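Dear colleague,

I am handing over the structure we spoke of, and my notes on it follow below. Please read them with the coordinates open beside you.

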Amino acid sequence: MGISKGIRYMLCAVLCGVLAGCAGTATNNGNATSSDTTAKSASDPQLDPTRSALVKVNNRLFNVPSPMQLAGILKGFDLPYRKDILNDVQRRSDYTTTFKQALNVGVYGADLGYINAYDQLPDATSYFGAVRSLTSELGVLNTFNEQTMQRIEKNSGDKDSLLYIASLIYRESDAYLMNSERNEVGALIIAGGWVEGLYLLTHLCSVDDMNHGHYQVIGQQKHPLNNLIELLRPYYGSAGRDYDSLLEKLSEVASIYDAINIKYTYKPAQTDEDGKITVINSESQVMIEKAHVKAIADKVAAIRNMIIK
């Protein structure tokens with residue numbers, strides 16, 4: 001996720017989990033996102049960092065929300081910025097296997113979206129560096145061509161430009177990974193981002209201090225998680241024991257979500273053809289209890305610990 005444009009898949013995936021309740025360019029409250037970065041990319045919706053992406057794997061389409069969406073949700077909870085909860089960039093050198101590198105590209109990507117939402121530019125720069133380093137080791141550094149790197153250097157003091165650049169890098173990497181018979185690597189990046197996003201959602205404050213809206217967003221991860229499991233499932237039994245263990249642990253989280261019901265109320269979407277923005281107006285109500293949130297938080301923390309250690 002470059003600082004914001006970069007690793008197409010990685011960043012998109014990152015927030016794949018944390019926000020799959022949204023679609024299109026809508027945020028969790030049903031309003032279209034508007035920002036300088038959206039304006040910059042309006043001429044090319046495929047490069048819009050606020051736009052969900054459809055990823056095709058094994059002839060199936062998966063909706064992958066942008067990391068900017070999750071970041072906006074987290075900022076909306078009006079909680080103080082907490083760098084201590086993020087995955088320390090100093091750990092980057094500990095990730096020497098493809099499995100760990102891919103997962104932590106997703107993790108750092110989700111962290112980067114969170115950092116950007118709080119305008120913490122110095123931290124964003126270091127997390128961008130971690131993502132760039134890991135993607136280089138994964139063999140997808142070609143997305144960071146000279147032109148892109150020059151843009152990053154030129155706009156190093158502009159958080160919106162950096163975030164836009166990072167999101168673009170993710171989308172470009174997505175195409176590379178999904179078209180080079182390395183689908184399992186792309187799936188791991190998405191998984192890492194989803195886990196980190198949900199970890200942030202469930203640990204930025206205690207379960208006791210969460211409000212109704214917080215519970216709702218956590219509950220809305222039920223369907224994104226099911227999609228993620230389906231994305232990972234084809235490689236079960238062939239990508240290694242660590243991969244299998246990750247899928248099994250995610251399935252345990254899904255079993256908790258099985259007890260959570262979601263009621264959807266359909267409302268027609270509104271499309272702005274000129275701005276190429278679609279506002280999703282449908283609403284959902286999640287039937288979720290404190291015990292569910294606590295159980296999800298504990299399971300996700302354990303999975304995240306396995307990923308980053």
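The secondary structure of the protein chain comes to 12 helices and six strands, in what is a predicted model. Of its 309 residues, 54% count as buried, and among the contacts with a separation of 6 or more, 76% are accounted for by residues 24 or more positions apart.

Before the details, a word on confidence. The chain averages a pLDDT of 75, with 62% of the residues scoring at least 70. Among the elements of the chain, the lowest mean pLDDT, 36, belongs to helix α2 (residues 36-41), whereas the highest, 98, belongs to helix α12 (residues 290-308). Over residues 1-50 the pLDDT is below 50, and yet this stretch has 225 contacts in the model beyond near neighbours in sequence. Where pLDDT is low, the predicted coordinates should not be read in detail.

The helix pair that I looked at is α10 (residues 222-232) with α11 (residues 241-257), whose axes come within 10 Å and cross at roughly 155°. Angles over 145 degrees count as roughly antiparallel, and α10 is therefore roughly antiparallel to α11. The crossing in which α10 passes α11 is left-handed. On the α10 side, the residues that meet α11 are Lys222, Leu225, Asn226, Leu228, Ile229 and Leu232, and their counterparts in α11 are Tyr243, Leu247, Leu250, Ser251, Val253, Ala254 and Tyr257. Sorted by class, this contact of α10 with α11 holds 10 nonpolar, two polar and one charged residues.

Aspartate 78, although it is not a glycine, has a positive phi of about 60°, and it lies in the loop that runs between α3 (67-76) and α4 (98-117). Is aspartate 78 buried or exposed? Its relative accessibility is 70%, and since the cut-off for exposed is over 50%, aspartate 78 counts as exposed.

Aspartate 119 likewise has a positive phi of about 60° without being a glycine, and is found in the loop between α4 and α5 (121-138). With a relative accessibility of 45%, which falls between the 20% and 50% limits, aspartate 119 counts as partly exposed.

With best wishes

Technical notes: Residues numbered from 1 in each chain as written. Predicted model: local features only at pLDDT ≥ 70, side-chain atom pairs only at ≥ 80, totals over all residues. Heavy atoms only, no water. Axes fitted to C-alpha atoms, helices over the stretch in contact; angles between N-to-C directions. Helix = DSSP H or I, 4+ residues; strand = E, 2+ residues; numbered from the N terminus. Parallel < 35°, antiparallel > 145°, perpendicular 65-115°, else oblique. Left-handed = near helix turned anticlockwise from the far one by under 90°. Contact = heavy atoms within 4.5 Å. Nonpolar A, V, L, I, M, F, W, Y, C, P; charged D, E, K, R; others polar. pLDDT = per-residue confidence, 0-100. Buried < 20%, exposed > 50% of the residue type's maximum accessible area, 1.4 Å probe, protein only.
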